[in-house]
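User: I would like to go through the terms used for this model one at a time. For each, please set the value against the definition.

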Amino acid sequence: MDYHVSSDALKGKVILVTGAGDGIGRQAALSYAAHGATVILLGRTVSKLEAVFDEIEAAGGPTPAIIPLDLMGATKQNYLDMVDTIEGQFGHLDGVLHNASLLGVLCPFEQIDEKTFDDVMQVNVKGAFLMTQAMVPLLRKSDDARLVFTSSTVGHMGRAFWGTYAISKFATEGMMQVLADELSDTRVRVNAINPGARAQKCVHRPFRLRMAIY
Ligand SMILES: NC(=O)c1ccc[n+]([C@@H]2O[C@H](COP(=O)([O-])OP(=O)(O)OC[C@H]3O[C@@H](n4cnc5c(N)ncnc54)[C@H](OP(=O)(O)O)[C@@H]3O)[C@@H](O)[C@H]2O)c1
């Protein structure tokens, strides 16, 4: 079926995208802006966020905003301050795409390194948890808000060697389901998307995997 989204479908909406400087997050930000949204570009590499900012402006989209933030070190207070800034600048927040994520290292379960496990959980799970906790009060004020988590095929069905990443995506799905249930009688809808498999170079050790699909 031919489905057409009008170019002003998101006009007036303010949408925050994490990991907006690259990959799927970058493309989502460009697409939201192309449909009229004011996009808040959050990420850790400012030069990449600036490139997306310029691309949106060059295409005639609403002027975006940039929030440089590394989810690895961000604290609860950082997220609360961020929400204050968003409310002060835009007055409302209508959507969040939790997209920033770490893959970690693909390896047998017994060889999962504790530091890598902690880092992946910090960015993929705890960062999204703290950010969401800070943002829900502002999202509740929107007429029609969306909170979208990014999952993966291995967030539904575990797969050998995908240990840390798969565990983090199961947690992401769990967080989404808990929130969807808790907010079911509000105007905040909560979902997770699985962008689907893409050929991707990945870090691997000690066995060799040249390409992986996740
Ligand atoms: N690609 C796939 O095939 C696939 C399949 C299923 C699910 N997914 C999911 O889709 C999402 C995007 O995947 P992708 O392939 O587009 O990933 P990507 O190309 O690696 O981009 C990830 C983005 O997240 C940012 N990021 C990573 N760590 C961060 C941190 N500590 N603080 C702030 N930003 C951080 C990165 O910033 P920098 O640019 O600064 O590194 C980058 O912009 C992820 O949640 C992934 O799990 C992807």
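Analyst: Axes are lines fitted to C-alpha atoms, for helices over the stretch in contact, and angles run from 0 to 180 degrees between N-to-C directions. Helices (H or I, at least four residues) and strands (E, at least two) are DSSP runs, numbered from the N terminus. The model is predicted, so local features need pLDDT of at least 70 and side-chain atom pairs count only at pLDDT 80 or more, while totals for chains, interfaces and linings use all residues. Residues are numbered from 1 along each chain as its sequence is written, and side-chain values use heavy atoms, with hydrogens and water left out.

User: Why are α4 and α5 called roughly parallel to each other?

Analyst: The axes of α4 (residues 114-140) and α5 (residues 163-182) cross at roughly 15 degrees and come within 9 Å. Angles under 35 degrees count as roughly parallel, over 145 as roughly antiparallel, 65 to 115 as roughly perpendicular and the rest as oblique. The α4 and α5 helices are therefore roughly parallel.

User: What is the hand of the crossing of α4 and α5?

Analyst: The crossing of α4 and α5 is right-handed. A crossing gets that name if the near helix is turned clockwise from the far one by less than a right angle, and is left-handed if anticlockwise.

User: Which residues of α4 and α5 meet?

Analyst: Contact means heavy atoms within 4.5 Å. On the α4 side, the residues include F117, V120, M121, N124 and A128, and they meet α5 residues including Y165, I167, A171 and M175. By class, this contact of α4 with α5 has 12 nonpolar, 6 polar and no charged residues. Ala, Val, Leu, Ile, Met, Phe, Trp, Tyr, Cys and Pro count as nonpolar, Asp, Glu, Lys and Arg as charged, and the others, Gly among them, as polar.

User: What makes α1 roughly parallel to α2?

Analyst: The axes of α1 (residues 23-34) and α2 (residues 46-58) come within 10 Å and cross at roughly 25 degrees. That angle makes α1 roughly parallel to α2. R26, A29, L30 and A33 of α1 make the contact with V52, E55 and I56 of α2. These residues of α1 and α2 divide into 5 nonpolar, no polar and 2 charged. The crossing of α1 and α2 is right-handed.

User: How do α3 and α4 cross, and at what angle?

Analyst: The axes of α3 (residues 76-90) and α4 cross at roughly 35 degrees and come within 9 Å. The crossing of α3 and α4 is right-handed. Among the residues in contact are Y79, L80, V83 and I86 of α3, and L130, M131, A134 and L138 of α4. By class, the contact of α3 with α4 has 10 nonpolar, 2 polar and 2 charged residues.

User: What makes a space a cavity, and how many of 30 Å³ or more are there?

Analyst: On a 1 Å grid over the protein atoms alone, a cavity is a set of points where a 1.4 Å probe fits but cannot get out, and a pocket is an open set with protein on both sides within 12 Å along at least five of seven lines; lining residues have an atom within 4 Å of a point. The structure holds 2 cavities of 30 Å³ or more. The largest cavity holds about 100 Å³. It is lined by 13 residues, of which H98, N99, A100, N124 and A128 are the closest to its centre. The largest share of that lining, 3 residues, comes from α4. By class, the lining of the largest cavity has 5 nonpolar, 7 polar and 1 charged residues.

How values were computed. Grid points are joined across faces, edges and corners, and a volume is the space filled by probe spheres set on the points.
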